[in-house]
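Please look at the sequence and the structure below, and then follow the report, which starts from one residue and widens to its surroundings.

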Amino acid sequence: QTISIAKAGITTVLNSRTSVLAAANPPSGRYDDLKTAQDNIDLQTTILSRFDLIFIVKDIRMYSQDKIIASHVIKVHASADAASADTRTPKEENWLKRYLQYCRTQCHPRLSDSASTLLQNNYVKIRQDMRQQANETGEAAAVPITVRQLEAIIRLSEALAKMRLSHVATEENVLEAIRLFNVATMDAARSGINQHVNLTPEMAQAETQIKRRVGIGN
């Protein structure tokens, strides 16, 4: 199976086992907190379910954070000439590349029995929680929790073990993988105003009128 990509004048076909890092903007240009995650992401659930982790990154207007970002961007441009003049590769970078290559080729961890049991119990609990949320809100989650998500957590657990050059993925690795999954994909699946408020027809009509008069983020 393959993945077709057409972006920025590049048209190519990748093997389906290729790791893909994708980024996208909401349809309106800014993330709208009054909409559900599914409306903001605007991608089919069949596509979203294929990603191991999904992060929602918001550009929140904060003085301290904006100052740090502006300072970083200015420093990058100010030191651009100096960086291009020094083309030598640091020893630390070569060491990191060799370490990653060694991890990939020499380490192939598998879940321990206790880690497998812990992962199974947590997966069942996540499925139950998402089913309960769907019953309460009357809407399906933006990211369906299926066996693909279970396989994603398994891959994360094994990758965490691989980073330590361990041939066994332990309960600690599973817990960290589940934590990453919760702060990323699960937060994306749960986000949206419908999680907190059950809108009546009158409230929905009022919301529509307000959106017409007030810009996103105001």
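A residue counts as buried under 20% relative accessible area, as exposed over 50%, and as partly exposed in between, with a 1.4 Å probe and protein chains only. Asparagine 173 has 5% relative accessibility, and therefore it counts as buried. This is a predicted model, in which local features need pLDDT of at least 70 and side-chain atom pairs count only at pLDDT 80 or more, while totals for chains, interfaces and linings use all residues. Residues are numbered from 1 along each chain as its sequence is written, and side-chain values use heavy atoms, with hydrogens and water left out.

Asparagine 173 lies in helix 8, which covers residues 171-190; helices are DSSP runs of H or I with at least four residues, numbered from the N terminus. The side chain of asparagine 173 reaches the backbone nitrogen of threonine 170 at 3.0 Å. Leaving aside residues up to four places away in sequence, asparagine 173 touches Ser157, Leu160, Ala161, Arg164 and Val168, where contact means heavy atoms within 4.5 Å.

Helix 8 also packs with helix 7, and the table gives the two values for this pair.

| Helix pair | Angle | Distance between axes |
|---|---|---|
| Helix 7 (residues 147-163) and helix 8 | about 125° | 8 Å |

Axes are lines fitted to C-alpha atoms over the stretch in contact, and angles run from 0 to 180 degrees between N-to-C directions. The angle makes helix 7 oblique to helix 8, since angles under 35 degrees count as roughly parallel, over 145 as roughly antiparallel, 65 to 115 as roughly perpendicular and the rest as oblique. Among the residues that make this contact are Ser157, Leu160 and Ala161 of helix 7 and Asn173 of helix 8.

How values were computed: Helix = DSSP H or I, 4+ residues; strand = E, 2+ residues; numbered from the N terminus. Polar contact = N/O pair within 3.5 Å; in protein donor to acceptor, adjacent residues only side chain to side chain.
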